[in-house]
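Dear colleague,

Please find below the sequence and structure that I am handing over to you. My notes on a few places in the chain follow.

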Amino acid sequence: MTPGGRLSAAIELLDAIIVAAREGGAAADTLIARYFATRRYAGSKDRRAVRELVYEAIRRFGEPPPSGRAAMVALVGIDPAVAAMFDGSAHAPPAIDPSEPRAVESRVPGWLGRQLAESGLDPADIASLIDRAPLDLRVNRLRATPAGLVDQIAEARLVDGAPDALRLPTGTMVDQLPAWRDGLIEIQDVGSQMVTAAARTQPGMQVIDLCAGAGGKALALAAAMDNRGIVLASDVDRARLSRLAPRAERAGATIIETRLLDGDREATALEDWTDRADIVLIDAPCSGTGTWRRNPEARWRLSPPRIARLTATQSRLLDLGATLVRPGGALVYIVCSLLDAEGAGQVDRFLADHPQWTAEVPIAQGRPRGAGKRLTPAHDATDGFFVARLIRPC
């Protein structure tokens with residue numbers, strides 16, 4: 001592909017991504033993969049260059065641009081190399097008309113920026129939310145240690161405050177490493193590892209991972225328990241939960257059981273766990289504002305009504321989780337959001353409705369926020385998270 005052809009491809013993809021974000025369609029990564037699956041003439045360098053153009057635009061514009069072309073026209077003022085691609089040659093986009101529309105650069109949508117500021121984030125915190133993220137690994141302590149692997153993986157380094165973590169350069173092909181093949185490592189952000197550690201699991205415990213998804217935290221819990229006890233990994237998403245079994249087999253995590261739940265009827269499916277769990281971990285569905293470094297397109301999919309639906313779900317899950325915790329046990333609430341409505345505000349509401357429950361400091365890292373702790377990219381060099389540890393009275 002010529003440089004102009006790459007730019008045309010990026011514009012075409014951005015048009016599709018903007019429509020998908022507006023209509024709840026496929027994610028950007030999926031659309032990019034589909035696009036190149038039917039264009040075998042595009043080599044690896046072409047695919048990489050187009051992807052970089054697409055994601056540069058997504059990161060630059062907090063609001064969805066009017067069009068893919070408007071986004072790329074706006075990038076001309078930021079990156080002179082883009083200007084040279086608008087040359088009107090074969091396969092290249094037409095030359096720029098000075099009067100044509102162009103996107104307006106911003107970090108976040110205006111309405112969401114105000115909510116983040118009201119939630120205590122300063123400009124540096126907000127700006128860091130769309131920085132490029134590092135690549136973090138969790139070493140599977142069932143089979144290895146970070147100290148034993150750090151010299152075996154090129155450019156890997158240990159991470160302060162995360163005893164099972166290694167940090168690698170972005171772009172490392174993890175699935176080609178022998179350590180991956182042998183189940184010694186999993187991809188997991190350092191912040192995710194830190195908040196999972198708030199569970200403080202011990203061998204022999206009975207633990208519920210209530211919103212397990214594909215099971216990253218369930219695998220970490222099983223490793224921390226030295227494969228002794230039970231981790232019940234449950235979720236309403238069949239496709240995501242189905243990915244856990246092969247991951248657990250590769251990791252040698254034998255204590256994980258899975259249970260598919262019916263949305264809004266989870267309590268019935270979990271009746272046998274009422275008052276039984278030592279730990280209930282809720283990694284609740286949320287806006288994902290803390291993960292924009294890895295998924296900047298998510299900003300284009302948020303709206304006030306969607307956040308209202310998410311907060312209602314979070315409140316319901318907290319109340320459900322409380323019924324599953326044994327007396328003296330702990331409820332660990334996690335969101336990868338930095339909005340108080342999804343984090344500190346949810347826990348404040350829970351404690352007001354359950355006055356006999358108490359909050360403990362969940363982790364050493366991060367900064368206090370309400371009854372919990374918050375991690376941010378700017379302060380902690382992790383994805384953004386809120387975590388609280390709530391104790392049921394005996």
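Helices (H or I, at least four residues) and strands (E, at least two) are DSSP runs, numbered from the N terminus. By that rule, V195 lies in helix α10 (residues 190–196).

The model is predicted, and local features need pLDDT of at least 70, side-chain atom pairs count only at pLDDT 80 or more, and totals for chains, interfaces and linings use all residues. Residues are numbered from 1 along each chain as its sequence is written, and side-chain values use heavy atoms, with hydrogens and water left out.

V195 has a relative accessibility of 0% and therefore counts as buried (under 20% relative accessible area; exposed is over 50%, partly exposed in between; 1.4 Å probe, protein chains only). Setting aside residues up to four places away in sequence, V195 is in contact (heavy atoms within 4.5 Å) with K217, V332, I334, I363, L375, F385 and V387. The C-alpha atoms of V195 and Y333 are 9.1 Å apart, although 138 residues separate the two along the chain.

D383 sits in the loop between α17 (377–380) and β13 (385–391). Its relative accessibility is 3%, so D383 is buried as well. The side chains of D383 and R294 are joined by a polar contact of 2.8 Å (a pair of N or O atoms within 3.5 Å; within protein, one must be able to donate a hydrogen and the other to accept it, and residues adjacent in sequence count only if both atoms are side-chain atoms). Beyond neighbours within four places in sequence, the contacts of D383 include D189, G290, T291 and L375.

Yours sincerely
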